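I opened the coordinates today to look up two things.

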Amino acid sequence: MPETPPLHPLPPTPASKLPRVGTTIFTVMSQLAAEHQAVNLGQGFPDFAVPARLVDELDKTMRAGHNQYPPMTGIPALRQAIADKTGRCYGWRPDVDAGITVTSGASEAIFDAVHAVVHPGEEVIVLDPCYDCYEPAIELAGARAMHVPLDPLTFAPDWGLVRAAITAKTRMLLINSPHNPSGAMLDAGDMAAIADLLRGTGIFLLSDEVYEHIVFDGARHESVLRYPELRERAFVVSSFGKTYHCTGWKLGYCIAPPALSAEFRKVHQYNTFCSFAPAQHAFAAMIQAEPEHYEQLGAFYEAKRDRFREQLLSTRLKPLPVPGGYFQLVDYSAVSDLDDLAFCRWLTTEHGVAAIPLSPFYENPPPGQRLARLCFAKNEATLDAAIQRLRKL
């Protein structure tokens with residue numbers, strides 16, 4: 001007799017669309033930090049207060065009833081505020097209605113931009129080390145990430161290597177300045193080199209500028225929006241969470257030419273459709289009322305960088321230069337010869353300080369690299385507690 005089939009057959013095993021992706025290193029290290037009561041300098045979030053006006057405006061707008069779906073592209077007042085701010089910062093004002101889209105954080109904007117214009121079988125050039133959300137967005141579009149390494153010491157790009165990576169399949173170049181994880185910044189010469197690379201091609205540019213206001217030592221953030229030749233082919237992504245110390249609110253935006261924004265919005269409307277309505281009203285009020293917040297953000301974090309760097313000099317960790325952003329890379333080779341994953345795990349479990357290894361940011365990490373990333377977007381008490389433990393290494 002034939003066997004009776006089971007009443008409840010097992011469901012099919014899915015073929016993963018992201019077979020190389022597991023739990024992010026940020027989640028892994030934060031969980032490990034919690035388990036061992038470690039000072040968490042790993043995941044990049046501030047542990048100090050959101051600006052008081054922003055909290056007040058959020059409370060006010062929720063009580064006023066702005067709790068339902070906002071317009072898909074973002075409320076008009078916020079798009080107006082973004083346009084005004086962009087004009088003040090970069091000398092060019094985007095189209096309020098057709099060039100600005102509010103998103104559920106910068107990560108959503110990056111995903112939407114990739115899926116708006118990148119097709120299966122095409123290629124996107126990324127510069128290693130790079131943030132871990134880039135490649136999954138590319139792979140889910142059926143495309144391939146082409147990794148071009150930055151200088152392992154300075155994290156500067158070699159545009160000759162980028163040019164060599166361009167093929168007939170190249171659809172997009174993805175850049176990030178100030179850079180996560182290194183803090184390195186692109187300068188005007190880099191912008192000219194990018195323009196030269198892309199001139200006469202059909203390659204789009206995706207510029208991740210979430211740390212745009214966290215720049216130090218009198219430097220100027222060279223936004224793609226400053227350069228007409230570049231912004232005509234670019235998606236430029238920004239983050240309210242990074243600028244206003246509220247990463248959990250998950251609100252960002254993308255500025256792009258009208259034709260690109262139209263394609264971007266096709267993805268956005270079926271991805272999240274819209275983003276946290278009360279926060280949109282709060283940010284619109286905050287941007288207009290207190291421009292000094294983002295204007296002084298660099299000085300605010302520069303003081304933290306300098307204090308933390310001075311403290312690190314009393315440890316066996318060697319701090320690398322930090323031109324922008326709120327991460328400090330340290331060379332730990334004087335402490336240990338462990339690889340960076342093992343070192344960060346050991347540092348968390350045995351010495352009570354959580355850091356992020358650099359190797360997850362690479363396709364092929366440089367051999368023998370002994371670097372870890374620490375976040376200094378923290379209260380002084382948090383950083384002091386970490387330094388006290390690091391001095392014992």
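My entries below go through the sheet and then the helix pair.

Entry 1: I am working from a predicted model. I looked up the strand order first. The sheet is open, has four strands, and reads β9-β10-β13-β12 with antiparallel pairing. I then checked the edges. β9 (318-319) and β12 (356-357) each have a single partner strand, so one side of each has no neighbour in the sheet.

**Entry 2: the β12 pairing.** I went to β12 and its partner. β12 and β13 (residues 371-375) run antiparallel and are joined by two bridges. Across from Ile-356 I found Arg-373 of β13.

**Entry 3: the helix on the sheet.** Which strands does α13 lie across? I noted β9, β10 (327-331) and β13 for this helix, which spans residues 297-312. Its direction makes an angle of about 15° with β10.

**Entry 4: α4 and α10.** I took α4 (residues 105-117) and α10 (residues 258-271) next. Their axes come within 8 Å and cross at roughly 120°. Angles from 65 to 115 degrees count as roughly perpendicular and those over 145 as roughly antiparallel, so α4 and α10 are oblique to each other. The crossing of α4 past α10 is right-handed.

**Entry 5: their contact.** I listed the residues that meet. From α4 they include Phe-111, Asp-112, His-115 and Val-117. From α10 they include Leu-260, Glu-263, Phe-264 and Asn-271. By class, the contact of α4 with α10 has eight nonpolar, three polar and three charged residues.

Technical notes. Residues numbered from 1 in each chain as written. Predicted model: local features only at pLDDT ≥ 70, side-chain atom pairs only at ≥ 80, totals over all residues. Heavy atoms only, no water. Pairing = 2+ DSSP bridges. Contact = heavy atoms within 4.5 Å. Axes fitted to C-alpha atoms, helices over the stretch in contact; angles between N-to-C directions. Parallel < 35°, antiparallel > 145°, perpendicular 65-115°, else oblique. Left-handed = near helix turned anticlockwise from the far one by under 90°. Nonpolar A, V, L, I, M, F, W, Y, C, P; charged D, E, K, R; others polar.
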